[in-house]
Amino acid sequence: MSDKLRVLLTAFGPFPGAPYNPTQPLVARLVQLRRPALDDAAISSHIFPVTYAAVDRQLPEVLAKEKPDALLMFGLAARTPYLRIESRARNAVTMLWPDAANTRSSKHGIAGNADALIFGPHTARLLRAARLTGIDARPSRDAGAYLCNYLSWRAIENVRGGGPKLAAFIHIPLLARSGAVRRKGAPRITLEELVDAGEAMLMEMVQLVRKARNTTV
């Protein structure tokens, strides 16, 4: 049995209005990283279809399979031109927009009248790590009311239920693809810049989990 730290990276597939989801190539690049600082870490990845049913079914399955110490999730915020480090998951689900299976939520909330769930103070460390790479990264208290927020909520539930020690959700901007027209007034963040920031946050997560392990030994 490997004693390595285990980190699970997640991304989303395409969804209505976003036929190209840059979280997939980002996670593909991060899972291939080979760094001395990651020698004691096993990095795995999972791509979620953008459906509520897929999150409910696949999240428990992949957590049971990979048994990660940390969960670092990425989602697309197409209208935001910078990186967003989410600090919480709201008890909210949109009834307006269907998921990729054309399913709409039948209720506004995820769990009755529960308050928002907080990721934890480590999100400030991830924000600092990302900013040190030079990328425009900002804190966020609103993960929306779509699948990114829904996955965040389910992930925090699993952390509180004895699953991963840490979880975090990062919203990334829509990248300009080759030959695409740059949106007026929107600074373009490249995939390479995202990979650098993603690597910094991954390193920070590994360091946090390593410290948590050492304090419980």
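**View 1. The end of helix α4 and the glycine that follows.** Just past α4, Gly-162 adopts a positive phi of about 95°. Helices (H or I, at least four residues) and strands (E, at least two) are DSSP runs, numbered from the N terminus. This is a predicted model, in which local features need pLDDT of at least 70, side-chain atom pairs count only at pLDDT 80 or more, and totals for chains, interfaces and linings use all residues. Residues are numbered from 1 along each chain as its sequence is written, and side-chain values use heavy atoms, with hydrogens and water left out.

View 2. Buried here means under 20% relative accessible area (1.4 Å probe, protein chains only). Among the buried residues are Cys-148, Trp-153 and Arg-154.

**View 3. His-171 and its partners.** Look for His-171 in strand β8 (residues 166–172); His-171 is buried, with a relative accessible area of 4%. Its side chain makes a polar contact of 2.7 Å with that of Glu-86. A polar contact is a pair of N or O atoms within 3.5 Å; within protein, one must be able to donate a hydrogen and the other to accept it, and residues adjacent in sequence count only if both atoms are side-chain atoms.

**View 4. The largest nonpolar core.** This core has 36 residues, and Phe-74, Leu-83 and Leu-202 have the most contacts inside it. Helix α5 gives the largest share, 9 residues. A nonpolar core is a set of buried Ala, Val, Leu, Ile, Met, Phe, Trp, Tyr and Cys residues joined through side-chain atoms within 4.5 Å.

Key. Buried < 20%, exposed > 50% of the residue type's maximum accessible area, 1.4 Å probe, protein only.
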